[in-house]
Amino acid sequence: MATPFNNYTTKAKEAIHRAHQLAVERGQNQVSVVHLLAALLSQEESMVVPMLEQVEIDVAHLSDSVFEMIEGTTGATAVSPSFQLYLTPELVRVFEAAPRIAASFNDQFVSPEHLVLGLVEHPGPASEILTRFRLDRTALARVLTDIKEGKIRDVEEPKKPRALSRF
């Protein structure tokens with residue numbers, strides 16, 4: 001059997017690692033779909049935020065809501081320093097679906113864009129919050145297709161103001 005994340009891009013692996021870190025930093029013993037969504041939303045130089053902006057999602061408001069959800073789950077799951085982290089069943093389903101989603105776009109590797117589509121597709125806390133923000137999987141998939149076909153070229157534009165706003 002292949003290594004679980006063997007066919008994931010570096011950016012996808014970074015997002016998964018960041019999701020893990022978010023859980024550890026908060027003393028939580030489960031890495032959930034919400035941790036992954038938070039990691040994807042905060043990832044630099046990823047296509048996820050520009051894709052969400054293309055379907056007119058208020059990314060700043062979405063990010064705030066996602067981080068509030070993560071903070072709100074701290075109490076009951078505090079663990080000792082010698083703890084073991086578990087993936088929630090919803091997150092496992094997203095990881096299992098990601099290669100299929102990538103293949104549906106004729107992509108050999110799973111990227112952050114495929115992970116966000118997996119989050120939208122699978123019932124759970126992440127898809128619930130994305131639904132609240134009226135994120136439509138079909139529209140998001142169309143944006144990804146348009147980007148890949150070169151129909152949308154300005155997806156890189158929003159990056160500059162966000163990067164400058166940090167200074």
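Q: How many aromatic pairs does the structure hold?
A: Rings of Phe, Tyr and Trp (its six-membered ring) pair if their centres lie within 6.5 Å; planes under 30 degrees apart are stacked, over 60 edge-to-face, the rest tilted. The structure holds 3 such pairs. In one of them, Phe5 and Tyr8, the ring centres are 4.9 Å apart and the planes at 90°, so this pair is edge-to-face. The model is predicted: local features need pLDDT of at least 70, side-chain atom pairs 80 or more, while totals for chains, interfaces and linings use all residues. Residues are numbered from 1 along each chain, and side-chain values use heavy atoms, without hydrogens and water.

Q: Is Tyr8 buried or exposed?
A: Buried means under 20% relative accessible area, exposed over 50%, partly exposed in between (1.4 Å probe, protein chains only). Tyr8 is buried, at 4%. Phe5 is partly exposed, at 27%.

Q: Which parts does the pair of Tyr8 and Phe95 tie together?
A: The ring centres of Tyr8 and Phe95 are 6.5 Å apart and their planes at 80°, so the pair is edge-to-face. Helices are DSSP runs of H or I, at least four residues, numbered from the N terminus. Tyr8 lies in the segment before helix 1 (10-25) and Phe95 in helix 5 (residues 89-104), so the pair ties parts 87 residues apart in sequence. Ring pairs link Phe5, Tyr8 and Phe95 into a cluster.

Q: Which residues touch the most other members of the largest nonpolar core?
A: A nonpolar core is a set of buried Ala, Val, Leu, Ile, Met, Phe, Trp, Tyr and Cys residues joined through side-chain atoms within 4.5 Å. Of its 51 residues here, Leu36, Leu37, Leu52, Leu62, Leu115 and Leu119 touch the most other members. Helix 2 gives the most to this core, with 8 residues.

Methods
Helices (H or I, at least four residues) and strands (E, at least two) are DSSP runs, numbered from the N terminus.
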